[in-house]
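Here is a short briefing on one protein chain. Please look over the sequence and the model before reading on.

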Amino acid sequence: MSGQKIYSTLIGGALLISLVFASGCSLINPYVRPDMDSPRFSSDNGEETQVTANEALEYADSAIEKYHEALGEQAKLTNVLGLALIPLGAATLGLGISEAGGNTITALGLTGATALGMGTWLGNKPQQQVYLTGIAAIECAKTAMRPLLFSDNELKKFRNDLYLDEDEIESLRVKIDNVKSNIAKVERLISEASDGAEWKDAKAEIETAERVLEEAERTSGSGQKLDYELSRAGTTLVSAVNDIMVLVDRQTLANQSDLQSVGPIINGLLQSSAQFTTIPPTKAAPTAETPAQRKYTASLQSEPWASLTAGRKLELAVADLKESERELIDASGKVAYVVNQISEAKPTAGKLEDCGAKVEEAVASIQLQPPGEVKVKKGDALVHRIAVTGGKPLYQANFVGEKPSKGIALSNVIEDGIFFVVIKVDGGDLAPDPGTYPVLITDATQTRGKTINVVVEE
């Protein structure tokens, strides 16, 4: 190899190394990853630890920052290449004008050509577009999950309100039973209740309290479901960011960007908050008390319990019931307020639709697990639980068409934020007649549903 060629190769190699180091490592390894490790859901000593909202957002922002850095490295390559080649070209032209040696001019020309070729090879406009896709997709993921990304303090306050609501529900149940017990005593000793006015008032208040309880239980169910989604929101966002980065890697390999391809990921995130419906204000309320009635109740409370007639004891029990109703309505209202904030949160449609999301179709169809029909032999007892997801909770289960005359009961239960329909089939003499009994499970809107058959075989 001649001295001029060696000289040209050395200069070209030195220039290339300068370009690479000046521009950054994404030129060599185009696959971008955040500096921090992916936060993970963990379960230690039987206790589950979810990724917090702050951890998830930090991870998402770290990924966005790395994509910005990769874009910057591509831009620096173009700028550094220009800063190197323009003076080099001017020097070559100057040497030509001054009639310098041909070998020197050739060496400089080859160096410039080599650097230009290598810079063109390393520079990649489609890859830059792929990085922009990664940034936009992660921003869409953050937007889709934003309604559920509570701070630690917000989550703590919501859970305190939810637990209080559940405590008040249990308290009201106890007090309803207490009033029913007192009604039974008055019915046995109706003569002691003067004209029976206390008995009639108590009956009416029981009906009111049971309506309050029913509405509160629905609110609590929505609250428990929301608590479940809030607890896993950080983990869900981290998983989505990881899925997006894998998708961007594939587009990097194909050298072709496609922001619409992240649509299924964003739609999945939207479902987390879109499933909630607005809880209407309570329609049931305890009968208002006048100052005179409150004074009368206070006077009864000051008397020895044993000295009170059955009618007066009933009046006290009803007053206590009314107070419990008010406390439950207040506690449920706090939970309903947060649920309604989530249900009414509307992510920016334009931005998300750019990412392939279908905001108006974010609510998934109802899914049942296990999905098949329920079979039982006549005379056998069975308790079958079906997990319900999709749609908008809460769900209802009702018989369609022919209803069993006995032996099959439907109920609902929420455990750890998961909604179950429970089908209980009695055995023995209480067993239902053989036949197929369709059960329709619908969501809160009554527009989405699935049917499952309960088959009692001979």
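The points below run from the overall fold to single residues.

This is a predicted model. The protein has 458 residues, and 43% of them are buried. Its secondary structure comprises 10 helices and 10 strands. Of the contacts with a separation of 6 or more, 78% join residues 24 or more positions apart.

**Largest pocket**

- The volume of the largest pocket is about 1,100 Å³.
- Its lining counts 38 residues, and those closest to the pocket centre are Glu 214, Glu 217, Arg 218, Thr 219 and Leu 394.
- Helix α6 gives the largest share of this lining, with 11 residues.
- The elements that each supply at least two lining residues are α5 (152-188), α6 (197-254), α9 (310-344) and β7 (408-415).
- By class, the lining splits into 15 nonpolar, 14 polar and 9 charged residues.

**Aromatic pairs**

- The model holds 2 aromatic pairs.
- Tyr 67 and Tyr 131 form a tilted pair, because their ring centres are 6.0 Å apart and their planes meet at 40°, which falls between the limits of 30 and 60 degrees.
- This pair links distant parts of the chain, with Tyr 67 in helix α2 (residues 53-97) and Tyr 131 in helix α4 (residues 125-145), 64 residues apart.
- Tyr 67 has 0% relative accessibility and so counts as buried.
- Tyr 131 is also buried, at 0% relative accessibility.
- Tyr 395 and Phe 419 make an edge-to-face pair, with 5.0 Å between centres and 70° between planes.
- Here too the pair links distant parts of the chain: Tyr 395 sits in the loop between β5 (382-389) and β6 (396-399), while Phe 419 belongs to strand β8 (residues 418-425), 24 residues apart.
- Tyr 395 and Phe 419 are both buried.

**Charge over a ring**

- Arg 385 places its charged end over the ring of Phe 420, at 4.2 Å from the ring centre.

**Cis peptide bond**

- Most peptide bonds are trans.
- The bond between Gln 369 and Pro 370 is cis, with omega at about 0°.
- Pro 370 lies in the loop between β3 (367-369) and β4 (374-377).

**Ser 324**

- Helix α9 contains Ser 324.
- Ser 324 is buried, because its relative accessibility is 0%.
- Leaving out residues up to four places away in sequence, Ser 324 touches Ser 171, Leu 172 and Lys 175.
- Ser 324 and Lys 175 are 149 residues apart along the chain, yet their C-alpha atoms are separated by 7.6 Å.

**Leu 440**

- Leu 440 is part of strand β9 (residues 435-442).
- A relative accessible area of 30% makes Leu 440 partly exposed, because this class runs between 20% and 50%.
- Beyond its neighbours within four places in sequence, Leu 440 is in contact with Gln 396, Ala 397, Asn 398, Val 400, Gly 449, Lys 450 and Thr 451.
- One of these contacts, Gln 396, is 44 residues from Leu 440 in sequence and 8.0 Å away in space, C-alpha to C-alpha.

Technical notes
Residues numbered from 1 in each chain as written. Predicted model: local features only at pLDDT ≥ 70, side-chain atom pairs only at ≥ 80, totals over all residues. Heavy atoms only, no water. 1 Å grid on protein atoms, 1.4 Å probe; cavity = no way out; pocket = protein on both sides within 12 Å on 5 of 7 lines; lining within 4 Å. Points joined across faces, edges and corners; volume = space filled by probe spheres on them. Helix = DSSP H or I, 4+ residues; strand = E, 2+ residues; numbered from the N terminus. Nonpolar A, V, L, I, M, F, W, Y, C, P; charged D, E, K, R; others polar. Phe/Tyr/Trp six-rings, centres within 6.5 Å; stacked < 30°, edge-to-face > 60°. Buried < 20%, exposed > 50% of the residue type's maximum accessible area, 1.4 Å probe, protein only. Lys NZ or Arg CZ within 6 Å of the ring centre and 35° of its normal. Contact = heavy atoms within 4.5 Å.
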